[in-house]
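Open the model in your viewer and keep the selection tool at hand. The tour moves from one stop to the next.

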Amino acid sequence: MDASEDGGRVGPGEGATTGPLLGEVGERGVLAEVFAALADQPVDGVLVGPGDDTAYLRVRRAAVLATTDTMVLGHDWRDDWSTPQDVGVKATTQNLADIASMGGAGTGLLVTLAAHPRLPVAWARGLAEGMAWASRRSGVPVVGGDLGAAPDGVVMVGVTALGELPEGVEHPVRRDGARPGDVLAVSGPLGRSGAGLAQLLEGRHEGAWVDYHRRPWTDLGQGPRAALAGASSMIDVSDGLVRDADRVARASDVRIDLRPGAVDALAAALDGVPAEAARRAVLGGGEEHVLLATFVPDAVPYGWVLLGDVVAPDGGGAGVWLGPDCLDPARGGWDHYGG
């Protein structure tokens, strides 16, 4: 992303550590900064937006999709790696990708910030700027939220996303619909975020993969597109290919055989990453947020990458295989309590 796209990205920690603190300006002062940052965002379908007790949205369908995620300083991001704008984009992406993985499109976002009083107001403003950028790019507005105090050193960002299914899609695409004879496909590249995290842990703070880890973004329109194409199951790659494909396999009681050549091709696309590290990033890297779906073979949307085949478990149990090996999801990917 260049500065014209993201509003002028600054380096980790820059521009967010100076100026007045939350505890000095109070809730009214913080909200004034947040509302100013969110002023230029989509309003279609928003009857009452931020600033009242409850948002009021126009609902086109009789059913609503809803999801939520939480990010915590020191666990989900580090301030020496990421700007508050990065955190805002990442928090928005992971929620809207969950809506897309059900075949839906987002309609509104609710945001909670719980932070210690010594956090600079500029950090809260930067968070809102990142969310506003993601809102404009996705067409999904921030419609409300909550601001709360937290113990010293604690910063927590929670986002709830609401969405609906597009016209022509009667039911959400769940994890449990994969059937033997289907093929597995992915809507975009894999391994970028995992490769970026590995580089950050090595002390590298620049490069395309580092940037993607800090600020992941994916084509959210591929979710409705897959649903309209008849996807039998779908999930976004938030915790790693093997871990998330395993969730589909177990929910559907099938075996998923990954194609070694497809995995190798995805790994080879990670320029500048050693082969074995690239392979690990493809199989286990989380926070990618591209979509993983199963289809009958002739229904895979154009541009999706064929990645594997769905077969009956044949007594071996549901799971994910690569060649002769059954892959253990616990040995890769992201687990909030296991690292």
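Start by selecting Trp-304. Leaving aside residues up to four places away in sequence, Trp-304 touches Ala-185, Val-186, Ser-187, Gln-222, Arg-225, Ala-226, Met-234, Leu-291, Ala-293 and Phe-295. Contact here means heavy atoms within 4.5 Å. Trp-304 is buried, at a relative accessible area of 8%. Buried means under 20% relative accessible area, exposed over 50%, and partly exposed in between, with a 1.4 Å probe and protein chains only.

A word on what is on screen. This is a predicted model, where local features need pLDDT of at least 70 and side-chain atom pairs count only at pLDDT 80 or more, while totals for chains, interfaces and linings use all residues. Residues are numbered from 1 along each chain as its sequence is written, and side-chain values use heavy atoms, with hydrogens and water left out.

Helices (H or I, at least four residues) and strands (E, at least two) are DSSP runs, numbered from the N terminus.

**Next: the aromatic pairs**

How many aromatic pairs are there? The count comes to three. Rings of Phe, Tyr and Trp (its six-membered ring) pair if their centres lie within 6.5 Å; planes under 30 degrees apart count as stacked, over 60 as edge-to-face and the rest as tilted.

Select Trp-133 and Trp-217. Their ring centres are 5.5 Å apart and their planes stand at 75 degrees, so this pair is edge-to-face. Trp-133 is in helix α4 and Trp-217 in the loop between α6 (208–214) and α7, so the pair ties together parts 84 residues apart in sequence. Both Trp-133 and Trp-217 are buried.

Now go to Phe-295 and Trp-304. With centres 5.4 Å apart and planes at 85 degrees, these rings are also edge-to-face. Phe-295 is buried, with a relative accessible area of 0%.

**Next: Gln-222**

Gln-222 sits in helix α7 (residues 222–228). Is Gln-222 buried or exposed? Gln-222 is buried, at 11% relative accessible area. Its side chain makes a polar contact with the side chain of Asp-219 (3.0 Å). A polar contact is a pair of N or O atoms within 3.5 Å; within protein, one must be able to donate a hydrogen and the other to accept it, and residues adjacent in sequence count only if both atoms are side-chain atoms.

**Next: strand β7**

Select residues 183–186. Val-183 and Ala-185 are on one side of strand β7, Leu-184 and Val-186 on the other, and all are buried. Strand β10 (residues 291–295) pairs with β7 in the antiparallel sense over four bridges. Two strands pair if DSSP finds at least two bridges between them. Strand β11 (residues 305–311) also runs antiparallel to β7, joined by four bridges. Pick Ala-185: its bridge partner in β10 is Ala-293, and in β11 it is Leu-306.

**Last stop: two loops**

Asp-253 has a positive phi of about 55 degrees although it is not a glycine. Asp-253 is exposed, at 52% relative accessible area. Finish at Glu-287, in the loop between α10 (275–284) and β10. Glu-287 is buried, at 17%.
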